[in-house]
2 protein chains.
Amino acid sequence: MTEATRRERLRAETEREIRQAARALLVERGRDAVTLRAIARELGITAPALYRYYDSHDALLRQLCDDICADMAAALYADLSLETGHVGCKVRAVCRAFRRWALAHPQEFALVFASPRDPLGADQFGSVFLQLAGQLIASNLVATHADDDVPEVLHEDLVRFQQVLVDAVSEHGVSIGEDILNLGKIYHVVQSWVRLYGHVALEVFGRFPFAVSNPEPMFDSMLDQMLTDIGFSDDS
Amino acid sequence: MTEATRRERLRAETEREIRQAARALLVERGRDAVTLRAIARELGITAPALYRYYDSHDALLRQLCDDICADMAAALYADLSLETGHVGCKVRAVCRAFRRWALAHPQEFALVFASPRDPLGADQFGSVFLQLAGQLIASNLVATHADDDVPEVLHEDLVRFQQVLVDAVSEHGVSIGEDILNLGKIYHVVQSWVRLYGHVALEVFGRFPFAVSNPEPMFDSMLDQMLTDIGFSDDS
DNA sequence: GAACTCTTGTAAACACCGTTCACTGAAACC
DNA sequence: GGTTTCAGTGAACGGTGTTTACAAGAGTTC
């Protein structure tokens with residue numbers, strides 16, 4: 001069944017354990033607790049042995065980021081698959097799932113979303129977001145926004161994003177026309193991402209200007225407004 | 001002129017140098033470079049000497065956060081004082097100033113705004129934001145939003161925020177009535193903070209889903225929408 | 001099966017980190 | 001002038017990332 005040699009299997013297993021230990025340390029004791037020595041201690045080996053698997057502490061942290069993104073993506077997809085309503089419902093579901101995930105995984109969220117990252121940034125999460133956004137846009141057949149809704153200075157960037165979206169979706173076999181994915185919608189996707197990220201980050205980092213005792217309805221309220229703005233009707 | 005003894009002056013001077021060195025390290029080499037030993041090296045003293053000024057490395061970082069907030073507040077106030085137009089213009093000016101400051105000080109921004117902070121959070125920045133928001137709201141005499149605009153589940157939190165705002169402004173001698181600072185406006189202030197923070201953080205952390213080549217007009221465009229939503233007329 | 005290579009781990013070392021503690025020397029006070 | 005206060009030192013402890021030389025087992029080749 002498995003084509004891998006014994007050595008390859010052992011190596012893969014060790015690597016799995018490294019990631020798992022790193023993740024546990026991050027979750028339980030924060031970013032600064034994810035040290036090579038602590039991970040090694042957890043596995044019953046010595047720190048330099050980890051250099052057989054990762055070039056540096058930094059590389060291991062990058063891998064950790066990717067793992068987190070992949071897990072988050074899986075969680076979002078799972079929540080999305082439970083939602084069988086129309087597109088507006090799906091968008092709402094995935095936004096709520098994102099918030100839920102972030103609140104349940106604050107350390108992971110902080111590591112992935114709030115570090116002045118490597119400019120590359122071609123991480124797992126990007127493609128997940130593009131995936132979801134692209135699919136949701138593609139299946140929303142009502143084109144309520146025309147191109148001339150957005151200022152012309154933004155066209156260049158939005159066209160680029162449009163291409164990125166089209167590519168991302170086509171990689172999964174879905175093809176959408178430019179008439180459906182028009183610039184007005186693209187712009188609203190960006191704006192929605194701004195509001196979604198803003199709200200979730202503020203909540204996770206406790207940076208609202210006052211103590212919010214009941215943040216969930218506030219999030220839902222923002223979501224309603226966002227969906228209205230993006231062109232979905234408000235009926236739930 | 002100065003009532004302080006020689007010793008007090010020297011101490012104050014050293015403390016100033018500590019903060020300055022810590023700040024320089026943060027700016028030039030990132031959060032992780034702000035170590036006690038590096039600071040001490042910069043001052044030509046030894047690391048344990050710093051414990052005469054701060055209880056721990058963590059306490060020093062907290063002080064650094066406060067310093068950053070104070071500096072940012074000063075920068076925002078300065079930019080605000082240059083703007084002599086009506087309230088809409090002032091809001092626009094201070095939002096732009098916030099973005100400009102964040103982009104010019106990414107390490108400081110990350111430290112202050114994107115760490116799962118101490119729940120206390122009664123930092124300098126809070127009062128600055130409340131200051132500005134309160135004043136701007138108070139001077140916007142056109143009450144375009146009524147209380148029934150916002151869902152009732154939010155009332156409890158918004159009333160609390162209303163009180164916080166009223167207190168913050170009254171501490172500076174300005175008193176405003178509840179009729180002006182109604183819940184609809186409060187809600188829009190919160191929503192504006194969500195969008196402002198979201199956009200700036202995404203830009204600083206490079207977390208837009210595509211490479212934005214021209215982010216300024218995108219920010220301005222969001223600002224226009226935000227000001228329209230909040231009830232300011234769109235004439236510049 | 002012996003000789004060989006490749007891989008995975010170790011132990012020791014280096015330079016750095018936060019923190020504690022016993023101490024020194026000078027300033028401030030009475 | 002004697003005493004107290006206090007900023008600063010040096011040594012030490014246990015922690016960190018990383019490099020190096022080395023050992024020992026797994027896999028391969030003859």
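How are helices α8(B) and α9(B) oriented to each other, roughly parallel or roughly antiparallel? In this predicted model, local features need pLDDT of at least 70 and side-chain atom pairs count only at pLDDT 80 or more, whereas totals for chains, interfaces and linings use all residues. Residues are numbered from 1 along each chain as its sequence is written, and chains are lettered from A and ligands numbered from 1 in the order in which they are written.

Helices α8(B) and α9(B) pack at an angle of about 175 degrees, with their axes 10 Å apart; axes here are lines fitted to C-alpha atoms, for helices over the stretch in contact, and angles run from 0 to 180 degrees between N-to-C directions. The helices themselves are DSSP runs (H or I, at least four residues; strands are E, at least two), numbered from the N terminus. Helices α8(B) and α9(B) are therefore roughly antiparallel to each other, given that angles under 35 degrees count as roughly parallel, over 145 as roughly antiparallel, 65 to 115 as roughly perpendicular and the rest as oblique. Their contact draws on B:H188, B:S192, B:R195, B:H199 and B:E203 of α8(B) and on B:P215, B:F219, B:M222, B:M226, B:D229 and B:I230 of α9(B), two residues being in contact if their C-beta atoms, placed from the backbone, lie within 7 Å. By class, this contact comprises five nonpolar, three polar and three charged residues, where Ala, Val, Leu, Ile, Met, Phe, Trp, Tyr, Cys and Pro count as nonpolar, Asp, Glu, Lys and Arg as charged, and the others, Gly among them, as polar.

Elsewhere in chain B, α3(B) and α5(B) pack at an angle of about 115 degrees, with their axes 10 Å apart, and α3(B) passes α5(B) in a left-handed crossing. A crossing is termed left-handed if the near helix is turned anticlockwise from the far one by less than a right angle, and right-handed if clockwise. In this pair, B:C65, B:I68 and B:C69 of α3(B) meet B:E108, B:L111 and B:V112 of α5(B), a contact with five nonpolar residues, no polar residue and one charged residue.

The same surface serves both copies, as 98% of the contact residues of chain B recur in chain A. The contact takes 43 residues from chain B and 42 residues from chain A. On the side of chain B that touches chain A, two or more residues are given by each of α5 (106-113), α6 (124-139), α7 (155-170), α8 (183-205) and α9 (215-230) of chain B, and α8(B) gives the most, with eleven residues. This side has 26 nonpolar, eleven polar and six charged residues.

DNA strand C is surrounded by 21 residues, the closest being A:T46, B:R6, B:T35, B:R37 and B:H57. By class, the surface near DNA strand C has eight nonpolar, six polar and seven charged residues.

Note on methods
Near = placed C-beta within 6 Å.
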